[in-house]
Amino acid sequence: MKIRVGLGFDSHEFEEGKPLVLGGVKIDSPFGLKGHSDGDVILHAITDAILGAIGSEDIGEIFSDTDQRWRSASSEIFLKEALKRAKEKGYRVVNVDCVFIADKPKIAPYKRAIRENLSRLLGVEVDAVSIKGKRREGFAREEGAVCMCTVLLEREDEG
Ligand SMILES: [Zn+2]
C-alpha cells in the first residue's frame, strides 16, 4: 500500500464584521477572519496538507493573494483543486486530523457540522475527520485563529 502524509498550518487575524466560516460552515460570530478569501483557516490548513502530501506547490503559490479571482472566494475552491491534483496522481484521502486554536469562538457547538461538511468535501466517513478545539493557554497572541492538521493519503489502485 502506498501512502503519503501531509502537514498543514494556517493562521488569520480576526476582522470585525466579516462573516466567519470554518471548515466550510458558517459560524454565528461578530467577527470573521481577515484574508483575501473567506479566511477559512481550517480549509486552508487541510488544503496545504493535501498539497504537501503529493509534493505539489503550496496554497499560496497556486492561489496568489494578489489574484482578484480569489477575492472573498469560498475556500472550498482551494480544497477542490488540491483534491483534484491528488486524484490525478492516484491518491485519495484516508483521514484528516485538525487542531483549531483560538480563544474565541468556541467551536464545540459546530464540531459535528464541520466534521460532516469535511466528510462530504473529502469523500470520507465522518469518523475519518477529527477537529479538536484548543484554547491558546499562553501560546501566541489572542488576535486570530490558528489551524494545524495532518492528512493521510493512499494510492487508490493499491488499496
Ligand atoms: Zn489562510
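Which residues do ring pairs link into a cluster? Select F63, W70 and F78. Ring pairs join these residues into one cluster. Rings of Phe, Tyr and Trp (its six-membered ring) pair if their centres lie within 6.5 Å; planes under 30 degrees apart are stacked, over 60 edge-to-face, and the rest tilted.

Before moving on, some ground rules. This is a predicted model, where local features need pLDDT of at least 70, side-chain atom pairs count only at pLDDT 80 or more, and totals for chains, interfaces and linings use all residues. Numbering starts from 1 along each chain as its sequence is written, and side-chain values use heavy atoms, with hydrogens and water left out.

**Stop 1: the rings**

Zoom in on W70 and F78. Their pair is edge-to-face, with 6.0 Å centre to centre and 80° between the planes. W70 is buried at a relative accessible area of 13%. F78 is buried too, at 4%. Buried means under 20% relative accessible area, exposed over 50%, and partly exposed in between (1.4 Å probe, protein chains only). The whole structure holds four aromatic pairs.

**Stop 2: the core**

Now select L22, I42, I46, I50, V93, L118 and L122. They have the most contacts inside the largest nonpolar core, which has 47 residues. Such a core is a set of buried Ala, Val, Leu, Ile, Met, Phe, Trp, Tyr and Cys residues joined through side-chain atoms within 4.5 Å. Helix α1 (residues 41–53) gives the largest share of this core, nine residues. Helices (H or I, at least four residues) and strands (E, at least two) are DSSP runs, numbered from the N terminus.

Centre on I46. Beyond its neighbours within four places in sequence, I46 is in contact (heavy atoms within 4.5 Å) with L79, V96, C98, L118, L122 and C149.

**Stop 3: the largest pocket**

Select H36, S37, H44, F63 and D65. Among the 13 lining residues of the largest pocket, these are the closest to its centre. The space in this pocket is about 230 Å³. A pocket is an open set of points on a 1 Å grid over the protein atoms alone, where a 1.4 Å probe fits, with protein on both sides within 12 Å along at least five of seven lines; lining residues have an atom within 4 Å of a point. β1 (3–16) and α2 (59–62) each supply at least two lining residues.

**Stop 4: the second largest pocket**

Finish with the second largest pocket, about 150 Å³ in volume. Its lining includes S11, H12, E13, R136 and F139. β1 and β7 (144–155) each give two or more residues to that lining.

Key. Grid points are joined across faces, edges and corners, and a volume is the space filled by probe spheres set on the points.
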